[in-house]
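Visitor: I have a structure open and want to go through some of its local geometry. Can you take my questions as they come?

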Amino acid sequence: MSLLGDLRASVNAVKPGRTRMRNYDLLLTAAVMTLLMFGLLMVFSASIALVDGPKYSNSTRYYFFVRHAIFIAVGLVGFAITISVPMQLWEKFTLPVFCVSLFLLVLVLIPHIGNEVNGAYRWIPLGPLNFQPSELMKLAILLFAADYTVRKQKYMHDFWRGFVPMMVALGVVGILLLLEPDLGAFMVSVSIAVGILFLGGISAVLFLILVVVLLGSFALLILMAPWRVKRIFAYLDPFDPDTVQSSGYQLAHSLIAIGRGEWFGVGLGSSVEKLHYLPEAHTDFIMAVVGEELGFVGIIAVVVLFLVIVHRGFEIGRQAIAMDREFSGLVAQGVSIWMGVQALVNLGVCLGLLPTKGLTLPLVSYGGSSIVMNLVAIAILMRVDYESRLMMRGERPDRRPLREYR
């Protein structure tokens with residue numbers, strides 16, 4: 001009896017130690033929350049002067065701050081709902097999600113349904129808010145590519161059965177996005193799908209063919225649109241007298257803002273370029289305001305936070321794949337590709353390293369659909385991590401509700 005009592009005491013002593021493992025990734029959570037709060041602060045700083053212009057003359061200085069805070073709140077509700085959904089359900093309903101996203105991309109192109117802004121049909125009005133279907137498509141193509149890679153694993157080296165079907169799906173998505181037009185969303189969606197195919201083990205020859213075809217397609221799209229060609233030339237020399245007041249205007253003022261910031265910035269709220277000089281300062285070019293007000297140090301801090309998210313996402317995906325949860329692992333790594341590529345493009349545009357392209361900075365820039373879908377994607381990433389942690393404890397994640405995510 002004494003031996004049995006000692007054994008029970010030993011088990012009770014070990015049991016608390018097993019439950020000390022967190023149900024979430026602390027570093028990932030801290031990076032995401034920091035970017036959200038930082039974005040709210042910078043949106044307020046970058047947009048505070050917009051009410052002095054005629055377009056928002058009837059609004060208060062807190063107009064964009066309040067709306068952005070509402071977007072974050074809606075995104076956090078979506079986060080809470082999404083993180084409660086087992087990955088098994090996401091895998092089961094991947095095709096319906098993809099089909100609904102395609103339907104919305106068609107719907108946005110229909111006159112009187114899609115909302116036209118500056119010649120582009122990218123939004124569906126929902127009362128006081130606008131929904132951007134292309135943001136949902138980023139998530140849909142991520143889930144679709146992960147599910148496709150898992151189901152077609154033994155055909156990944158076959159041109160007709162492994163390569164062509166995915167290219168057809170990407171082609172349909174690409175045509176719909178380019179009809180809006182939204183080249184930025186197309187670039188990110190393609191990057192997500194191609195990245196997942198590469199991680200899933202696609203043949204090196206097929207991958208090379210895919211890259212060549214995509215690069216050729218992008219070059220053709222640029223050459224077919226004269227205004228895109230102008231942007232390319234403006235990107236090469238933004239201060240050219242012939243383009244500095246037209247196609248090179250945004251990039252020129254973005255570089256001026258970052259140059260003014262030097263190492264430590266001119267101080268929070270003290271940006272000059274946001275005073276109606278730099279267009280879209282609170283959305284696509286918010287990093288230019290960060291560079292001006294917080295300097296090179298502020299830009300590096302944001303880059304480090306995104307590196308943390310990308311690194312932790314790939315690690316979470318690697319851990320899931322090691323536990324034979326290939327779909328969950330590829331989805332987690334796809335989220336990392338999404339966040340990393342979009343942040344890289346946004347920062348590259350602001351710094352003049354890439355041609356000017358309208359693309360928000362994930363979790364930071366002003367934009368309702370973007371913030372909501374970013375948080376939904378992060379929730380799926382954290383769900384993958386949560387289920388892996390449950391499995392490490394010997395529990396079945398697909399049969400357990402999310403009650404201990406704390």
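This is a predicted model: local features need pLDDT of at least 70, side-chain atom pairs count only at pLDDT 80 or more; totals for chains, interfaces and linings use all residues.

Visitor: Start with the core. Which residues have the most contacts inside the largest nonpolar core?

Guide: Phe98, Ile309 and Trp338 have the most contacts inside it. That core has 106 residues.

Visitor: Take Phe98. Which residues is it in contact with, leaving aside its neighbours within four places in sequence?

Guide: Phe98 is in contact with Met137, Ala140, Ile141, Phe144, Ala169 and Val173.

Visitor: And Trp338, what is it part of in the packing of α13 against α14?

Guide: First the geometry: helix α13, residues 326-350, and helix α14, residues 368-392, pack at an angle of about 145 degrees. Their axes are 9 Å apart, and α13 passes α14 in a left-handed crossing. Trp338 is one of the α13 residues that make the contact, together with Ser328, Val331, Ala332, Val335, Met339 and Gln342. From α14 come Ser370, Met373, Asn374, Ala377, Ile378, Ile380, Leu381 and Val384.

Visitor: Is Thr82 buried or exposed?

Guide: Thr82 counts as buried, because its relative accessibility is 8% and the cut-off for buried is under 20%.

Visitor: Another helix pair. How do the axes of α7 and α9 cross?

Guide: They cross at roughly 20 degrees and come within 12 Å. Here α7 covers residues 159-179 and α9 covers residues 204-224. The two helices are therefore roughly parallel to each other, since angles under 35 degrees count that way. The crossing of α7 past α9 is right-handed.

Visitor: Which residues make that contact?

Guide: On α7 they are Phe159, Phe163, Met167 and Leu178. On α9 they are Leu206, Ile209, Leu210 and Leu221.

Visitor: How exposed are Glu280 and Asp324?

Guide: Glu280 is partly exposed, at a relative accessible area of 39%. Asp324 has a relative accessible area of 59% and is exposed.

Visitor: Back to Glu280. What does its side chain make a polar contact with?

Guide: The side chain of Glu280 makes a polar contact with the side chain of Thr283, at 3.0 Å. Thr283 is in the loop between α11, residues 249-261, and α12, residues 286-322. Thr283 is buried, with a relative accessible area of 9%. Leaving aside neighbours within four places in sequence, Thr283 is in contact with Ser365 and Tyr366.

Visitor: What lies 2.6 Å from a polar atom of the Ser47 side chain?

Guide: The backbone oxygen of Val43.

Visitor: And how far is Ser47 from Leu170 in space?

Guide: The C-alpha atoms of Ser47 and Leu170 are 36 Å apart, and the two residues are 123 apart in sequence.

Visitor: Last one: Gly259. Where is it, and how far is its C-alpha from that of Gly291?

Guide: Gly259 is found in helix α11. Its C-alpha is separated by 7.9 Å from that of Gly291, which is 32 residues away along the chain. Gly259 is partly exposed, with a relative accessible area of 45%.

Key
Residues are numbered from 1 along each chain as its sequence is written. Side-chain values use heavy atoms; hydrogens and water are left out. Helices (H or I, at least four residues) and strands (E, at least two) are DSSP runs, numbered from the N terminus. Buried means under 20% relative accessible area, exposed over 50%, partly exposed in between (1.4 Å probe, protein chains only). A polar contact is a pair of N or O atoms within 3.5 Å; within protein, one must be able to donate a hydrogen and the other to accept it, and residues adjacent in sequence count only if both atoms are side-chain atoms. Contact means heavy atoms within 4.5 Å. A nonpolar core is a set of buried Ala, Val, Leu, Ile, Met, Phe, Trp, Tyr and Cys residues joined through side-chain atoms within 4.5 Å. Axes are lines fitted to C-alpha atoms, for helices over the stretch in contact, and angles run from 0 to 180 degrees between N-to-C directions. Angles under 35 degrees count as roughly parallel, over 145 as roughly antiparallel, 65 to 115 as roughly perpendicular and the rest as oblique. A crossing is left-handed if the near helix is turned anticlockwise from the far one by less than a right angle, and right-handed if clockwise.
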